[in-house]
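Keep the structure open while you read, and find each residue as it comes up.

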Amino acid sequence: MKEKFYITTAIAYTSKKPHIGNTYEVILTDAIARYKRMRGYDVYFLTGTDEHGQKIQEAAESSGITPKEYVDKVAGEVKAIWDTFGATYDRFIRTTDDDHVAAVQGIFRKLYEQGDIYKGSYEGLYCTPCESFWTPSQLVDGKCPECGREVIKTSEEAYFLRLSKYADQLMKHIEENPDFIVPEMRKNEMVNNFLKPGLQDLCVSRSSFSWGVPVDFDNGHVIYVWVDALSNYITALGYTVDGCSEKYKKLWPADVHVVGKDIVRFHTIYWPIILLALGEPLPKKVLGHPWLLSGTDKMSKSRGNVLYGDDLAKQFGVDVIRYYLLSEMGFTDDGTITYENIIKTTNADLANVLGNLVNRTAAMIKQYFGGVIPEASEKNSDDVELFEQIDKYFAKALASFDEYKVADALKSVLEIFKCCNKYIDVTTPWVLAKDPEMKERLGSVMHNLVDGILRGAKLMLPIIPESAKGIFKIYGVDVPEDLSDDICFSGNVIDEVPILFARIDEKKMLSELMPKEDKKAEKKEKKAEEKAQKKAEKKEEEAPSEIEIGDFMKVKLTVGEILECEKVEKSDKLLKLIVDIETEKRQVVSGIAKFYEPNALIGKKIVLVSNLKPAKLRGVDSNGMILCSGEEDVRIVEIASDVPNGTGIR
Ligand code: MSP
């Protein structure tokens, strides 16, 4: 009988459409699930949506629909994105599912009846019109952050979970199971920041809003959304306090909960304590993965830097994005996503290394052997070296996959393909092809290449499933279900050789990816800039031969020091500078990019027209102008380094 393997993702909030960071988690979990299936495990993969809570109730209210209508819509979007990326989940649980709601009510009731949940009062600062509790740090000028009115110190009846009762037991579990929380740094955070300082009992009910699972023995209270959400891992399998399904008995405890680093605390403190109180075993492992950043920033709507999986899949293709995310995101450090990086990785790894190898090999077999994959004869030292390397990297990839270090596994798989490319360089098939006596050797080389490619392709099945299947198809081989499946390919016929991964033309792609509005705005801005420049030039030409001293006195010139300097994106003329003028640090945009490297300007003392009307250049605010000489060969006007910042010039 196959060994079971139960793997879960966090369930995504349905307050808004999930971004590519949330999607990464599902792709990572899917890759592990696919890998485990190929290692002969009976895998159960759970994912879904977290649909209760005040935020969702408010989002629904502001959209003018009921919370259920709202979550139905977002849960549909979540599922569609997970499906687009080929997630092979077995159940998509929604916390509004009837079986889940009833099971959570049972859990809450049982914990209350056995005294692990008790009724107490929740002390806080209350805003009556908003019906909201606030903590002192949430207040704005001591008032309600929502409506600005006075808050009153008050208390509300609420239920609490006795975390303190189970803290020692949990600590012991963590100590005795060093792999319970991975990576280790996450474990240390939990132990040092939360467990060692001591646990406070947790408030596990709310009565200030209604969109939640009702406490079925106390009207007006809903169950805290994290108790509701965490329970999904067992309710999805048919756990109830009155008896469990066969599925639950078979699958629980989970082999691994895959979650983001921000919610490791909930999964390694609250969740185990709920399970300890229920008398159920703890999950074997909680894997806290790092975060995907947009460039160098956290993805957020307010920053306008959010990328979505459905868009990226349309722009680049599902496997390109799967590959990018899985190779970019390490085990501990945050990763980053930008269009430029996706293009670079795709061209370097998928087009140059993998795609090129697969297509080149297939094309050579067509050219030299009419498409029929030849047999191999005895191995020579090049062949032995090739397979030694492949075996080494294959084993390395398995070891990394087994620790869920998917990016490391991927690196080893890529090495397999690189070894094959090197083997082509060493064996020079095009030279062999010229000599009829070397036909057999040429056949061996082709055979060994296909062998190497298909070994690597097996390991690519969990990462880029559709493209990896495409590789087996090219060589006329059935897609293996298990990593240990033997693959026979001698004598198979290669017909068509589709391009597996085409190189992306970076410039063209980036210009296509820029949203139309951006392009329009950019054009408009450019025109306005040109117009302004022409006007300025004209004015300059028309500068009178004499001015009054008063005219000159209108211009406020100030000494400043350049603290920071960088190029303005998408402009080859403009630099963005931060200038220290003593009273403040001014941002200025200057058209001197052609004449200075940004770093060369840092620390220089310059003269700033500091009362110039603010302007926007290429969408970047500019508050002043730096004095420069010349037109063809522009130089900034420099001031002696001992003149203090902020000194006026007259
Ligand atoms: N609903 C809770 C989880 C409850 S699990 C019982 C939640 N939802 S979430 O939608 O905010 O996040 C879902 C998952 O995506 C979490 O594991 C979270 O850490 C992860 N990520 C959110 N932003 C992320 C990135 N930018 N990068 C990688 N993962 C990210 O938390």
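Which residues of α3 are buried? Keep that question in mind for the first point. Remember also that this is a predicted model.

1. **Helix α3, inside and out.** The buried residues here are Y70, V71, V74, A75, V78, I81 and W82. They cover an arc of only 120 degrees around the axis, so they sit on the same side of α3. Several elements cover these buried residues, including β2 (12-13), α1 (20-38) and β3 (42-50). The cover also includes α2 (54-63), β4 (91-94) and α11.

2. **Helix α3, length and end.** Helix α3 runs over residues 67-84 and has 18 residues. At 1.5 Å a residue it should span 26 Å, and its end C-alpha atoms are 26 Å apart, so the two values agree. Look just past the helix for G86. There, phi is positive, at about 70 degrees.

3. **Helix α1.** This helix has 19 residues. From its first C-alpha to its last it reaches 26 Å, close to the 27 Å expected at 1.5 Å a residue. Is α1 largely enclosed or largely open? It is largely enclosed by the rest of the structure, because 17 of its 19 residues are buried. G40 follows α1, and its phi is positive too, near 90 degrees.

4. **Helices α11 and α12.** Now turn to a helix pair. Helix α11 covers residues 309-316 and helix α12 covers residues 318-328. They pack at an angle of about 115 degrees, and their axes are 7 Å apart. On the α11 side, L312, A313 and F316 make the contact.

5. **I117 in strand β5.** I117 belongs to strand β5, residues 117-127. Its relative accessible area is 3%, under the 20% cut-off, so I117 is buried. Which residues does I117 contact, once neighbours within four places in sequence are left aside? They are F108, L111, Y112, Y159, F160, L161 and V204. Take L161 from that list. In sequence, I117 and L161 are 44 residues apart. In space, their C-alpha atoms are 4.5 Å apart.

6. **Two serines in helices.** S412 lies in helix α15, residues 406-427. Its relative accessible area is 6%, so it counts as buried. Not counting residues up to four places away in sequence, S412 touches Y393, K396 and A397. S444 lies in helix α17, residues 439-460. Its relative accessibility is 0%, so S444 is buried as well. Leaving aside neighbours within four places in sequence, S444 is in contact with E375, A376, S377 and Y423.

7. **Cysteines.** How many disulfides are there? The count is zero, with a disulfide taken as a pair of cysteine sulfur atoms within 2.5 Å. C488 shows this well: the nearest cysteine sulfur is that of C420, 18 Å away. C488 is exposed, with a relative accessible area of 66%. C244 is partly exposed, with a relative accessible area of 26%.

Methods
Residues numbered from 1 in each chain as written. Predicted model: local features only at pLDDT ≥ 70, side-chain atom pairs only at ≥ 80, totals over all residues. Heavy atoms only, no water. Helix = DSSP H or I, 4+ residues; strand = E, 2+ residues; numbered from the N terminus. Buried < 20%, exposed > 50% of the residue type's maximum accessible area, 1.4 Å probe, protein only. Contact = heavy atoms within 4.5 Å. Axes fitted to C-alpha atoms, helices over the stretch in contact; angles between N-to-C directions. Expected span 1.5 Å × (residues − 1). Arc of directions from axis to C-beta.
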